[in-house]
Amino acid sequence: MATEICRVLLVDDDEDDYIVTRDFLSEAEQVGFKLTWVDNYNAGLAEISQNRHDVYLFDFRLGKENGLELLQAALQMGCQKPIILLTGVGDHDIDQKVMAAGASDYLVKGTTLSATLLERSILHAIERKRSELRQNQLVAELAIANQELKDFAYIVSHDLKAPLRGIASLADWLVRDYGDQLDDEGQEMLQLMRGRVRRMGDLIDGVLQYSRVGRVRDEKTEVDLNQLLAEVIDIIAAPSGIKIVIETELPTVFVERTRIQQVFQNLISNAVKYMGHPEGTIRIGHTQEEDFWQFFVADTGIGIEKRHFDKVFQIFQTLVPRDKSESTGVGLAIVKKIVELYGGHLWLTSQVGQGSTFFFTLPCHLPDSHLAD
């Protein structure tokens, strides 16, 4: 026996249809239905505003108004209950319109409608609406949590800079005012402290940059990558023994200039940092693979073991002990985040002692949606 009560509002200007609906619902086997009937648009809207029912049934014909108009008005009022449209004559165009407008179902009255079909439609509509509301709530909670996480990373990183600057200033004062009074061990410890402060500053800057990717958007513009690479190479100022070669005529892409500069700057800096010897070569080029540009940055450095291929793209992960490297472990994570934000892919090939090649792709034509946060 059905124990659960489902409250149904029927808005229909035909009393005979009310009687048929009442009789159908009285035959329900899975739940009990309590039916309320009103026979016009305004009375229906008034009932909906009370939010006392679990599901609404609207006849498509309601005098000078119709069920689609009532559906739209209900949704504008913030109705979050399932709405099923009923009609005397099946019409594909109306069916499409009411479903697109947000109806949960569209049923044709007459011989095709039965107690079983009506009950099944109502129960499925209620379950779908509950799932939709749960999903919307989860998406909203996720968006809030994501925003809080971004704000936290930005605020904490920003606030940490102030005391760090104070420590750096104190270290400079100690060197300037008391440096000649310190023995070798004291001098070494002071230099160690200044190095740690500098590394912490770099780490905070890296976290700030990482948190800005996707959160802060610059205007897209056409970027000549040949010109951009020349500027990046000039900024990096690699040691004289390291040769940087651009092997292909690079394309002009329509992107955020700052972001694509970060990608190349981090990859080339990484290649310089892990060259492992005074001399080496870094090659940069591209190919077109169908709708994507595929770029590469190859070096003749120390290489990476295959088991670390995924690890190098994780934030704060470095393959060299921190006391032996100035790496923060943020650069490649930023590259990955930017590339994926644009709908591209980042990967690498490498052999220990032979060097590494980092590949990434970008769509040849980037829609605005790829820059949406």
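Five strands, in the order β2-β1-β3-β6-β7, form an open sheet with parallel pairing. Strands are DSSP runs of E with at least two residues, helices are runs of H or I with at least four, and both are numbered from the N terminus; two strands pair if DSSP finds at least two bridges between them. The model is predicted, so that local features need pLDDT of at least 70 and side-chain atom pairs count only at pLDDT 80 or more, whereas totals for chains, interfaces and linings use all residues. Residues are numbered from 1 along each chain as its sequence is written, and side-chain values use heavy atoms, with hydrogens and water left out.

The edge strands, each pairing on one side only, are β2 (32-38) and β7 (105-108). From one strand to the next, the twist averages 25 degrees. Strand β3 (residues 55-59) runs parallel to β6 (residues 83-87) and is joined to β6 by four bridges; F58 has L85 of β6 as its bridge partner. Helix α3 (residues 67-76) packs on the sheet, where α3 touches β1 (5-11), β3 and β6 (contact: heavy atoms within 4.5 Å). The direction of α3 makes about 170 degrees with that of β6, angles being taken from 0 to 180 degrees between N-to-C directions of axes fitted to C-alpha atoms, for helices over the stretch in contact.

Elsewhere, the axes of helices α7 (residues 225-236) and α8 (residues 257-273) come within 10 Å and cross at roughly 50 degrees. The contact includes L225 and I236 of α7 and R257 and V272 of α8.
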